[in-house]
Amino acid sequence: MKYEVLLGNQAIALGLVEQGCRVVTSYPGTPSSEILAGVVKFQQRLGRDVYTEWSINEKVAFETALACSWSGLRSAVAMKQVGLNVASDPLFSAAYTGVRAGLVVIPADDPGPFSSQTEQDSRLTALTAKVPVFDPSSPLEARAMIRHAFELSERFRMPVMVRPTTRLCHACQAMSLDGDGLAEHSGDGVQFLKDPSRWAATPRLRYRLHVELSDKLRQVETAFAESSLNAVLDGDVLGKVGVIASGVAFHTAREALRELGVAVPALKIGTPYPLPQQLVRNFVAAHHTVVVLEEPDACIELQLPDRSQVHGRLDGTVPAAGELAPEVISEVLAHVLTAAGYEINRSAENPELQAFVSGLSLPVRAPRLCPGCPHRSAFFALKREFGAKTIFPSDIGCYTLGVNMGAVDTCVDMGASVSMASGFYLANRLGGNTQPIVATIGDSTFLHSGIAPLLNAVHTGARFVLVILDNQTTAMTGFQPTPASGTLADGSPAARQVGIAGIVRGCGVAFVEPADPYDHSHFRGVLRRAYQHSQAPEGGVAVVIAERPCTLHDAQLLRQNPLPVAIAETCDGCRYCLEAFGCPALVLRTDGSRVDIEPNLCVACGQCISVCPKGSIVAQTADS
Amino acid sequence: MNELQTTSLRPSEAKVIIAGIGGQGVIFITRVLAQTAATLGLPAIVSEVHGMSQRGGSVNSHLKIGVGEAPLIRSGTADLLFALDELEGLRNLPFLRRGGTLLVNAEPGLPFETVAHLAHLEIAVLSVPATHIATELGAPGVANVVLMGFLAAHSLLPLPFDAVREALAIAAPHQRELNLQAVEAGRRAAWFLQGRRLRWT
């Protein structure tokens, strides 16, 4: 049997394909983005017919999958945890109505956080929505849990959640592509069967569906109590300390206990909601002290009615924020075990090495916009044209890094740049201020949830400039297509390519002008006219579409017209280009005397030439 | 058979940190080593960094062979730190256990005082001018593969050179020949340093 190393997200994708899932929809977002790409890959390799879709947003993705489930097709929807907020409206409703064929919801949580605005716990969303949850601890287990999830979903006719976290999504493990047989799913019986009392239930009927849902959850809890996914592993039963853990934290805790040289029992919870209460209560009763280790928040701990012996996130034993890294778990366990009288082994610590490295004061290498990034050129022009007195609401994407250039003042959630700009306009008007407002949003983010707030801004007469940074892809998450890029998830051509300018005009915006941010003076001229329109008596919202493909995704344009640069002798190391432009290819000499171009990083975009106020960045000539 | 005799680790267990900056091929090296382990039937788990941190920032991967399913390595417990960049090598040093090894792409190498201090803290340092060697091959971008060839030749991991070479050949078919040249160049560098008795500086 051949073993392949698969990413956690690919293991989930493989699980979906081999379980006969017919429809998978998603909106890209770290750490979930590789799930749909994995489905595309494995359905081809295993010869399965699975429809894949990068939907316009998570709500649309959820509802598309829901309709397919109601029509008898096994379906799944994947997103990052904050994407579940966008899809929470249909999630809560679908918990009541239930499903027909299996529907598996896969929100990827981000303890840390590494790439998100919150550390929210999707298991708690599931608890509020009354949807059962599986909490896999490894890529291998995630793959296996997809089968359990579909079976549970079809047994109780309810949506079911499988909740991975960043460290699982981006962990790799070897597995065989030949699983325990492919689940067959024919196209027979695929049809929506009308039942208005369920699928179109009115509030009176919703009450009955809620009663039914609560009854289902009691039965699910009984099923979970008997599941092998919840089991006590390891340890001599000494009755002093017990560990309850779920997800990746379970394996981390197990390893930490081994390193600390202590064997105490660990209860692994694979199904945190609804929590198999009796099982957990028996475990707690058998120990003097119990520690709960779970991410990113307290879901198991919260469901325990009696926490007098229980320690975790809620009583401060486990830090209230941040991921449960091995160092954190080790520290928590060492503290609890020492207090309970255990002798622990701390030989693995190497404090002198820590101290040595701290003493080196190594410079931080923060993420930056790539060399040649069109967003950098756009932000540089925005700053020059409008200055620091302007409010710059922005959004979610690579361009959030514009905060380093002072061109991003706010970042709330997908699409918020447009509504925040409207709100700031309102606040300015009410407060008698005339501060300019210039918002930025990416193309994919605009299509995801920028259209409705733009319509609202036009309708209410807000006045601001909106710059749509159109790099023709969803760059941050790995170049997924958008409705404007003309391809579908599997690479085939889209039914129709949608133009952003047409959508903006359709929202009633009178000033819509595309411009290339690489053409600095023209781009600034367009920004100026846009601002004038936003201030004119008959004006309103003005939209500039900064059109230039992402340099990483499509370097064709750049290769056609390279503009290599050199630093002239006049450079005096004033650092202006480093601070105002911040291209990684501009590097200050260690003695601070001048700036050099790092040849391995420079992409010859020539964008830095107009940056230097002293004209020391010049186009490279044959002899320079 | 072609492996150099070095300090042996446990025969089938290892914890490795692979460090560098976004774009240097940290994930590629990690996946090749993990695939090598998988082909040999050794259980392995890897933790990678994706998303925002990829855009030119510091990145590291964790590779654990034969030691459980927790994806992350606790600081102070790694056997080997494989660093594609000097600064990232230093930054990730706290991951190493006493007796661990730093294998770093550096030219001319870490400063003598640093190496001496690390020796005092029971950390061995092995500097290899991998970017220099890769540039001689006409492709500075394969410095990661050169360093991996060096690593495999030294059998610092329970992964024989030939098995690593095999996994590498399959991993990136589009630049198979170049990668194989690079991994061989890394092995030659290892033999050269062995001959010069410069292994454990």
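1. How many residues of domain 3 of chain A are in contact with residues of domain 4 of chain A? There are 8, and they meet 8 residues of domain 4 of chain A, a contact being two C-beta atoms, placed from the backbone, within 7 Å. Helix 16 (residues 374-386) of chain A supplies the largest share of the domain 3 side, 3 residues. By class, that side holds 3 nonpolar, 4 polar and 1 charged residues (nonpolar: Ala, Val, Leu, Ile, Met, Phe, Trp, Tyr, Cys and Pro; charged: Asp, Glu, Lys and Arg; polar: the others, Gly among them).

2. This is a predicted model, in which local features need pLDDT of at least 70 and side-chain atom pairs pLDDT 80 or more, while totals for chains, interfaces and linings use all residues. Residues are numbered from 1 along each chain as its sequence is written, and chains are lettered from A and ligands numbered from 1 in the order in which they are written.

3. Chain B contains 7 helices and 6 strands (DSSP runs numbered from the N terminus: helices H or I, at least four residues; strands E, at least two). Their order from the N terminus is β-α-β-β-β-α-β-α-β-α-α-α-α.

4. Between the chains, 40 residues of chain A are in contact with 41 residues of chain B. The chain A side comprises 21 nonpolar, 11 polar and 8 charged residues.

5. Strand 8 of chain A and strand 2 (residues 44-47) of chain B run antiparallel, joined by 3 bridges (pairing requires at least two DSSP bridges). Ala171(A) is placed opposite Ser47(B).
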